[in-house]
2 protein chains.
Amino acid sequence: MRRRQFLAAIGAGTAAGAIAKPAVAQSMPEIKWRLTSSFPKSLDIMYGASDTLSKFVAEATDDQFQIQPFAAGEITPGMQAIEAVSNNTVEMCHTVANYFVGKDPTFALFGGAPFGLNARQQDAWLRDREGLKLLNEFAKKFELYALVGGNTGTQMGGWFRKEIKEVADLNGLKFRVGAWAGRIVQRLGGMPQQTSGGDIYSALEKSAIDAAEWVGPYDDEKLALYKVAKYYYYPGWEGGTALHFFINRTKWAELPKNYQIIVAAAAAHVSANVQAKYDARNPEALRRLIAAGTQLRPFTQPVMEAAYKASNEVNGETSAANADFKKIYESLTTFRNEQYLWWQIADYTFDNFMIRNRPHG
Amino acid sequence: MRRRQFLAAIGAGTAAGAIAKPAVAQSMPEIKWRLTSSFPKSLDIMYGASDTLSKFVAEATDDQFQIQPFAAGEITPGMQAIEAVSNNTVEMCHTVANYFVGKDPTFALFGGAPFGLNARQQDAWLRDREGLKLLNEFAKKFELYALVGGNTGTQMGGWFRKEIKEVADLNGLKFRVGAWAGRIVQRLGGMPQQTSGGDIYSALEKSAIDAAEWVGPYDDEKLALYKVAKYYYYPGWEGGTALHFFINRTKWAELPKNYQIIVAAAAAHVSANVQAKYDARNPEALRRLIAAGTQLRPFTQPVMEAAYKASNEVNGETSAANADFKKIYESLTTFRNEQYLWWQIADYTFDNFMIRNRPHG
């Protein structure tokens, strides 16, 4: 029996009015929200974040606060999730902020941006420094409030039909890549393509595109890209791609404080799970991809350096034209430079030792 | 007004019995717990985990579930926190499971164990694989239920008064180090010492010990060890030291489901914050330590290899004598070997590039 029904059944509604405001009734109102995910159910880790958040919030509030998750396309196209929240068509979404760079390039900085922070560093900037505060100040312009909603870790660089040995090999290359990284590709002579996830396989098969970046082994395997592009390059140019929950700002402000806390804590739980799942499942997927004939290739140092230089140019020009971007980008890069001073000492050195000593099998 | 008082005021207690069980009254009971931390308030990140958990749970339950945190020594000595929970003297604690290896060496595996998993990998093993499930099955023997409560990332190897160039330099060295790593030190010819945090400085100053391992730059700076030991070695031998909340199993089972969910989500929030704080604050502390004259030194490859070999021997012998340890250690190391297959591809390569290209400043 729902609390409200129960209170009605015992006539508490009237009695309460007569004596005092019932603290718990106030703090446990029945609320129903909709959450649109930018991801199809087939991307089970990313879509699963919304499902898990929903279950956690329902269980923590004894089903009083119900957030119903919808997969991409069910009520809103995946790429328009943020817009739907900004417009208050739905109360919240789970997405990659990069999808919204057309509105304002500052959205690229939610997810880390190319050659920015690795996953843990990004979390440190968002949670212990000014990262999330700055991004949320900016997000006010769009009536949005953001909570961290996971990270993929460093992604792969993408699937290529031909080897990329030098920067010139990118010339004229039709490369399916995220909107922001597309600006780097363009500056390197490539032709960035926007192809939806479900169309990448056939585009590669028909040679409509020459290369495609998606996520990493676990998600890429599902698209079967290894069947139509042999070379799997690494690393991706983002140290870690963060996902976020965006909530309509007015709706967020209307929530009782205890529900806000529960949603925030549930988002932290979901974030940890998303990263844990990618980390746990990528190695096995990578093994299967290699067994199926995938050829792993590192981007060469000149290619990485050219991409880094192009990225700095794009960011410099964007900073000159956009004060929000400039302010947040400077915070992010100052933090990044300091971070790698430390990262190279303990974490990196430990990993280096373990990689060198890894049993071969 | 508390819900219970409110229900009493309106006579709901009697009425409810007459019609149906009140769902919300059941799920929002007033509960008070005590949480003993193994850390003093001066270790603000570690102690702060308990403070934050307590606030989150109170706010999420409209103050109905109150968990009062106590610093080490206030109600229980820091090293005895787990025992106090196991005995049901307090309902929960926040600690390093390593402190309890005297009871059973299997507790060493909660925190990662030397040459085990790095921080993200450990989270993946705990959350997406059998890690936390196996550990909690084991913990039943001690009436304990564990939730992840943060990670420090890879720690530093410690402060040394003299340089350690080869394994022979460890011979006879009085080295303050955690109980489990002490077994490695002993096997390398050293003399592991158990010195409480507050006594390390004077022990080094009086040459009662020759070296001391603590945490990393942010925490170590507070002990001012750089004044009494010049050489700061890296990396630590654990890829990341996980902290945990241990809860008395009976008390956990007695909690309403929604309170369990809220505590679990709050622990995830706390975990993310602990790692974020260490990551954000270690670089600045490292800079200050270097400015104060600290000499950074990497453990040489032969020293690392000897420690790895000794660690494998210790774990092998412990496995032979302890079935719980054997089962969980095998799960952990199988996972670790698979993890580094993937880690070396994307995350490590990205970090490597960023470290090489880090602006010097």
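Predicted model: local features only at pLDDT ≥ 70, side-chain atom pairs only at ≥ 80, totals over all residues.
**View 1. The interface between chain A and chain B.**
Chain A brings 90 residues into contact with 91 residues of chain B. The two chains bury about 8,600 Å² between them. Carbon and sulfur atoms carry 67% of that area. On the chain A side, A:Arg120, A:Trp342 and A:Phe350 lose the most area to chain B. Together they make up 9% of what that side buries.

**View 2. Polar and charged links across the interface.**
Ten salt bridges are counted between chain A and chain B. One of them joins the side chains of B:Arg120 and A:Asp279, at 2.8 Å from N to O. Polar contacts link 23 residue pairs between the chains. Helix H12 (residues 257–291) of chain A gives the most to the side that touches chain B, with 21 residues. That side of chain A has 48 nonpolar, 20 polar and 22 charged residues.

**View 3. The largest cavity.**
The whole structure holds seven cavities of 30 Å³ or more. The largest has about 440 Å³ of space. Its lining counts 29 residues, and A:Asp123, A:Ala272, A:Gln275, B:Asp123 and B:Ala272 are the closest to its centre. Helix H6, strand S4 and helix H12 of both chain A and chain B each give two or more residues to this lining. By class, the lining has twelve nonpolar, ten polar and seven charged residues.

**View 4. The second largest cavity.**
This cavity has a volume of about 80 Å³. Its lining includes A:Arg120, A:Trp343, A:Asp347, B:Arg120, B:Trp343 and B:Asp347. Helix H15 (347–356) supplies at least two lining residues from chain A, and at least two from chain B.

Conventions. Residues numbered from 1 in each chain as written. Chains lettered and ligands numbered in written order. Heavy atoms only, no water. Contact = heavy atoms within 4.5 Å. Buried area = accessible area lost by both parts, 1.4 Å probe. Salt bridge = Lys/Arg side-chain N within 4 Å of Asp/Glu carboxyl O. Polar contact = N/O pair within 3.5 Å; in protein donor to acceptor, adjacent residues only side chain to side chain. Helix = DSSP H or I, 4+ residues; strand = E, 2+ residues; numbered from the N terminus. Nonpolar A, V, L, I, M, F, W, Y, C, P; charged D, E, K, R; others polar. 1 Å grid on protein atoms, 1.4 Å probe; cavity = no way out; pocket = protein on both sides within 12 Å on 5 of 7 lines; lining within 4 Å. Points joined across faces, edges and corners; volume = space filled by probe spheres on them.
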